[in-house]
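Hello,

Here is the structure I promised to pass on. Have a look at it first, and then read my notes below.

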Amino acid sequence: MADSIPWFVFAAPSRFYRLAAALEPWLWAIAAALAAAGLYIGFFVAPTDATQGDAYRIIFIHVPAAWMSMLVYLAMASWAAVGWLLNARMASILARALAPTGAIFTFIALWTGALWGRPTWGAWWVWDARLTSELILLFLYLGFIALVASIDDVRRGDKAGALLAIIGAVNIPIIYFSVRWWNTLHQGATINLTTAPKMASTMLTAMLLMTLSFWAYAFAISFSRARAEVIERESRTDWVRQLLAGGDRREP
Amino acid sequence: MSFLGAIYLRDLRLAMRRRVEALLPVAFFVVSASLFPLGVGPEPETLRQIAPGVVWVCALLAAMLSVNQLYASDHADGSLEQLLLSGESTVLVAAAKAAAHWTVSGLPLVVAAPLFGLLFGMHGDALRTLFYSLLLGTPILSLLGGVGAALTLGLRSGGMLIVLLVLPLSIPALIFGAGAAGAVDSGLSPAGNYSLLGALLIACLLLAPLATAAALRISME
Amino acid sequence: MNWNSASEFFSMGGYGVYVWGSYAVTAVLLVIEPLLAAQRRRRAVERAREAAAAESQPGAPQ
């Protein structure tokens, strides 16, 4: 019965590998095209902001990166959970493939946030609720990556990572709430960073295009990493042998 | 004697046989808290302001560094496997061990911390609040630490890894706990902090043993 | 068009360091990441091929 359900088809590493290999070039192309469009509109169509000048243009990376950092964490935790609860190896591989990308998006959000904060609000870093929560999100990613890397047994690592990711996902709203609470208590010392420039529709368009571009990028890079891990894990299987033999010197 | 009680008393007895090791968390707490005035300067006003935060952070670190022992020695001599195979609830094992850890490592911290608060120049009300906040907070740390210890069972990098895994999760407790004494210091009521801390404690009491049990099963497969 | 000249574009109203500092680091990271992933895949393929070759040697453990 379960075999007739189409979405289990790609749970087999061999089928996923072929799907990913076929889709990847398109995903890279889409990511590049969307980025080109987004950046064009962001730099050449969107007007200069009245209060922040041209410094605000960092927003076209900062906000998409921040959104993606959270989305990727949810995706990672979901795939990890599926890999654990349904015992699906491919799902766990996807979770592992997503983790470094999520961490990098988080770092980009923090880095661009700092560079945006410095000219507009006078400080490289402020302990406002969102930046601080983003920093903690980075720690959650690093924890996941460190945990699965330290466990030699692959499946144990998959499951332990899944439990940790789920606990992290459940905690994220709690952490965000507590940090916001902490931040508002100490309002005197902090600057209100929540005011982004009033969004002209061109600015919004550029931001959305960049977000979609990052999304396509995330798919592409996670597929790439997942393919590598599939080969590593399944190197002794027939289908991998055939794949490698068939290509000979060619890149599979 | 319930199973939970039996495990709890067993762990206590084992800890009492190694009294020096059992007191290491408190010693770590004392030493690390003492570093702050040396690093920051003896200015009384500064110390008084940073006191709740310093005490809480040092208590957190002391709890995290000692939690590895929760499962390590039982894992090493095979008794953990026996416990899990015994057919009794793994959740109860997790709960009992967290309770034992708190009794041995957390409770002494709760007692030692206000003494340190005095050294930092904290006053009556703030000291009392610090005491209560740690009373509510240290069980949370033991419960969360149990999850971390179970996840990293038998790993080479266990100790440091637990810290990296569990500290982000303990941040809400830190915020509300240290915030309670800080609120009292500024003349505000700590009631909100207590409620939130209490809510965290209840959530941890219900969920952490479940997570720890799941982690134990994953680690011991 | 927002910019009257290339130098205006690069200076970003005086905020050039911050804007380009952000974009540059992002670009570097988002280029290095795929390269590293591709390198990992190549190494995995190499190792898998070596293992397959070693096993097909006569007398090697199957």
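Two residues are in contact if their C-beta atoms, placed from the backbone, lie within 7 Å. The model is a predicted one, in which local features need pLDDT of at least 70 and side-chain atom pairs count only at pLDDT 80 or more, while totals for chains, interfaces and linings use all residues. Residues are numbered from 1 along each chain as its sequence is written, with chains lettered from A and ligands numbered from 1 in the order in which they are written.

Let me begin with chains A and B. On chain A, 22 residues are in contact with 20 residues of chain B. Helix α5 gives the most to this side of chain A, with 13 residues. (Helices are DSSP runs of H or I, at least four residues, and strands are runs of E, at least two, numbered from the N terminus.)

The axis of α5 (residues 154-185) of chain A comes within 9 Å of that of α8 (residues 158-185) of chain B, and the two cross at roughly 30 degrees. Axes are lines fitted to C-alpha atoms, for helices over the stretch in contact, and angles run from 0 to 180 degrees between N-to-C directions. Angles under 35 degrees count as roughly parallel, so α5(A) and α8(B) are roughly parallel to each other. Among the residues making this contact are A:I167 and A:W182 of α5(A), and B:L169 and B:F176 of α8(B).

Now for chain C, which has 2 helices and 0 strands. Its C-alpha atoms fill a box of roughly 75 × 20 × 15 Å, taken along the principal axes.

Best wishes

How values were computed:
Parallel < 35°, antiparallel > 145°, perpendicular 65-115°, else oblique.
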